[in-house]
Amino acid sequence: MADEPLVLGIETSCDETGVGIVRGHTLLADAVASSVDEHARYGGVVPEVASRAHLEAMVPTIQRALKQAGVSARDLDGIAVTAGPGLAGALLVGVSAAKAYAYALGKPLYGVNHLASHICVDQLEHGALPEPTMALLVSGGHSSLLLAPDITSDVRPLGATIDDAAGEAFDKVARVLGLGFPGGPVIDRYARDGDPAAIAFPRGLSGGRDPLYDFSFSGLKTAVARWVEARRRDGQDVPVADVAASFQEAVVDVLTRKAVRACRDNGVDHLMIGGGVAANSRLRALAEQRCTDAGIRLRVPRPGLCTDNGAMVAALGAEMVARGRAASTLDLPADSSLPVTDVSVPGYAQHPAPVPVGTDDGHGHGNGSSHGSAHGHDHDHVHEVSKDNLYG
């Protein structure tokens with residue numbers, strides 16, 4: 001509906017420049033510029049390469065999103081951006097760009113949490129989230145069980161990875177098997193032709209005295225590497241499909257068991273799964289099976305919304321606007337270790353409302369030149385933003 005908040009979201013926490021535009025719970029645009037190919041030869045994400053790629057892709061990706069949505073930047077009700085957690089340099093590019101657009105357009109700025117955004121994106125697929133929501137977030141950097149009584153202000157961590165996240169383990173096992181980077185999609189593909197019961201790989205933190213909701217995949221990764229090394233040392237072929245399937249089964253078995261238990265223990269009758277690993281076909285299938293058996297409703301966004309994207313940030317930003325949450329100030333920091341309990345980031349101090357470029361500031365002065373002196377530190381990171389290309 002036209003009276004629902006129209007918000008642009010910017011996501012730069014890792015190696016993808018994502019820009020999404022959302023009106024309420026309706027997705028209008030989801031533009032992504034990925035630098036994954038530039039990192040593939042290194043076998044992982046290189047922070048400096050990622051930051052430079054974000055800088056080069058930012059303005060074209062925003063313009064593409066505006067065109068796809070069929071709106072002008074002047075029509076926006078707010079600008080949302082991932083303030084953390086993530087790679088510090090990558091986050092800084094997105095936060096700096098969001099500040100520049102918010103200031104120049106005279107729009108409120110919302111710095112939001114990456115993990116909370118992964119939960120909120122499901123609203124674009126399945127409508128308003130129940131409250132409280134139980135969420136299992138699984139990605140290259142995080143494996144977390146979260147309870148969210150209010151997605152805009154109250155997200156509570158129940159469990160998290162104590163070492164390697166699930167997505168990181170996928171990448172490392174794929175490297176051991178010589179399958180390339182990123183590991184998640186290729187492991188999933190090979191596993192379809194393998195036997196998940198062929199090799200009895202360990203299930204981390206599954207003992208009676210282990211933490212109920214925490215995860216550990218470092219030992220599993222090591223067990224796979226040693227098994228493969230032993231086969232090669234003995235001159236035997238490595239059954240790649242069986243290794244992939246058995247490893248994958250060990251990961252999703254633990255994830256789904258703990259998620260279903262968390263729902264039962266906390267009296268929540270639904271489970272939302274998000275993050276890049278949520279695109280894994282076996283995780284989806286096993287979660288569906290176990291949730292059905294337990295009488296739990298499963299909500300999983302389509303694969304394109306599970307990976308990092310600007311739509312998820314815009315979704316949370318739109319919810320912030322709709323619920324009247326306070327906007328961030330223009331000294332909003334980028335926080336690489338932002339805790340999930342900080343759903344939004346207010347900034348360090350209160351600033352007066354921004355004035356759009358070319359308008360009077362109420363004191364007889366336009367703001368075209370004063371922005372450079374008052375907030376010149378933002379310009380160090382966003383070189384391409386100008387009056388001509390801001391408005392799309």
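In this predicted model, strand β5 (residues 109-113) is mostly covered, with 5 of its 5 residues buried. The cover extends to both faces of β5: Leu109, Gly111 and Asn113 lie buried on one side, and Tyr110 and Val112 on the other.

Strand β5 pairs with two other elements. Strand β4 (residues 78-84) runs parallel to β5 and is joined to it by 5 bridges; within this pairing, Thr82 has Val112 of β5 as its bridge partner. Together with helix α3 (residues 88-105), β4 and β5 form a β-α-β unit that is right-handed. Strand β11 (residues 344-345) pairs with β5 in the antiparallel sense, over 2 bridges. Here the bridge partner of Gly111 is Val345 in β11.

The aromatic rings are a separate topic. The count of aromatic pairs comes to 2, and they are listed below.

| Pair | Centre to centre | Angle between planes | Type |
|---|---|---|---|
| Phe170 and Phe247 | 5.0 Å | 70 degrees | edge-to-face |
| Phe215 and Phe217 | 6.2 Å | 10 degrees | stacked |

The pair of Phe170 and Phe247 links distant parts of the chain: Phe170 belongs to helix α6 (residues 166-176) and Phe247 to helix α9 (residues 240-265), 77 residues apart. Phe170 has a relative accessible area of 1%, so it counts as buried, the cut-off being under 20%. Phe247 is also buried, because its relative accessibility is 0%.

In the other pair, the planes of Phe215 and Phe217 are at 10 degrees, so the rings are stacked. Both Phe215 and Phe217 are buried. Phe215 has a further contact: the charged end of Lys258 sits over its ring, 5.9 Å from the ring centre.

Methods:
Residues are numbered from 1 along each chain as its sequence is written. This is a predicted model: local features need pLDDT of at least 70, side-chain atom pairs count only at pLDDT 80 or more; totals for chains, interfaces and linings use all residues. Side-chain values use heavy atoms; hydrogens and water are left out. Rings of Phe, Tyr and Trp (its six-membered ring) pair if their centres lie within 6.5 Å; planes under 30 degrees apart count as stacked, over 60 as edge-to-face and the rest as tilted. Helices (H or I, at least four residues) and strands (E, at least two) are DSSP runs, numbered from the N terminus. Buried means under 20% relative accessible area, exposed over 50%, partly exposed in between (1.4 Å probe, protein chains only). A charge sits over a ring if NZ of Lys or CZ of Arg is within 6 Å of the ring centre and within 35 degrees of the ring normal. Two strands pair if DSSP finds at least two bridges between them. A crossover is right-handed if, with the strands pointing away from the viewer, the path from the first strand over the helix to the second runs clockwise.
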